[in-house]
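The sequence and the structure come first, and the description follows.

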Amino acid sequence: MDLGKGDASLIAVVDDDESVRMAVASLLRSVGFVVLLFASAEEFLREKNGQPIACLILDLRMPGMDGLQLQRHLRAGGVLVPIIFLTAHGDDRARAQALARGATAFLPKPFDVDLLLDAVTTALNGGRS
């Protein structure tokens with residue numbers, strides 16, 4: 001299954017847990033996406049170098065700027081990239097905030113492969129799940 005769509009297939013994964021970053025990257029690359037990995041929100045902001053990100057997979061809790069803060073920062077700057085949250089620490093309040101601010105999905109860790117791929121497909125198609 002090749003879900004990648006050329007330049008539109010660039011996905012950024014921002015998670016402070018290296019094992020999660022690598023697992024998500026491996027899954028996405030196996031179906032044809034190009035993946036950039038970042039260990040923090042600050043690293044993402046500093047090093048993405050203006051590359052056109054088609055989708056952002058984002059951890060909720062990270063040292064420094066957390067996922068909700070990064071989402072707010074991007075929206076305030078007019079960056080409306082689709083965001084999928086992956087978190088082991090989600091609660092109803094955080095989920096509601098993320099989705100109210102336009103997140104495509106809010107998924108638990110450990111993540112379900114099919115749910116994550118469905119969320120990416122939805123994000124790339126401009127919809128919500």
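## A buried valine in a strand

V35 counts as buried, because its relative accessibility is 7%; buried means under 20% relative accessible area, exposed means over 50%, and partly exposed lies in between, with a 1.4 Å probe and protein chains only. The model is predicted: local features need pLDDT of at least 70, side-chain atom pairs count only at pLDDT 80 or more, and totals for chains, interfaces and linings use all residues. Residues are numbered from 1 along each chain as its sequence is written, and side-chain values use heavy atoms, with hydrogens and water left out.

V35 lies in strand β2. Strands (E, at least two residues) and helices (H or I, at least four) are DSSP runs, numbered from the N terminus. Leaving aside residues up to four places away in sequence, V35 touches I11, V13, A25, L28 and R29, where contact means heavy atoms within 4.5 Å. From V35 to I53 there are 18 residues in sequence and 9.4 Å in space, C-alpha to C-alpha.

## Two nonpolar cores

A nonpolar core is a set of buried Ala, Val, Leu, Ile, Met, Phe, Trp, Tyr and Cys residues joined through side-chain atoms within 4.5 Å. The largest one has 24 residues, and F44, L56, L58, L70 and F85 have the most contacts inside it. Two or more residues of this core come from each of β1 (10–14), β2 (34–38), α2 (41–47), β3 (55–59), α3 (67–76), β4 (83–87) and α4 (92–100).

L58 touches V14, G67, L70, I83, I84, F85 and L86, again not counting residues up to four places away in sequence. A second, separate core has 22 residues, among them V31, A119, V120 and A123.

## Aromatic pairs

A pair of aromatic rings is described by the distance of the centres and the angle of the planes. Rings of Phe, Tyr and Trp (its six-membered ring) pair if their centres lie within 6.5 Å; planes under 30 degrees apart count as stacked, over 60 as edge-to-face and the rest as tilted. By this rule there are 2 aromatic pairs. F38 and F44 form an edge-to-face pair, 5.3 Å centre to centre with 85° between the planes. Both F38 and F44 are buried.

F85 and F106 form a tilted pair, with 5.8 Å centre to centre and 40° between the planes. This pair links distant parts of the chain, F85 in strand β4 and F106 in strand β5 (residues 105–108), 21 residues apart. F85 is buried, with a relative accessible area of 0%, and F106 is buried at 11%.

## Helices α1 and α5

Helix α1 (residues 18–30) and helix α5 (residues 113–124) have axes that come within 11 Å and cross at roughly 65°. V24, L27 and L28 in α1 meet V113, L116, L117 and V120 in α5. The residues of this contact divide into 7 nonpolar, no polar and no charged; Ala, Val, Leu, Ile, Met, Phe, Trp, Tyr, Cys and Pro count as nonpolar, Asp, Glu, Lys and Arg as charged, and the others, Gly among them, as polar.

## A cis bond and a partly exposed residue

K109 and P110 are joined by a cis peptide bond, with omega about -5°. P110 is found in the loop between β5 and α5.

Q69 lies in helix α3 and counts as partly exposed, because its relative accessibility is 33%.

Terms used
Axes are lines fitted to C-alpha atoms, for helices over the stretch in contact, and angles run from 0 to 180 degrees between N-to-C directions.
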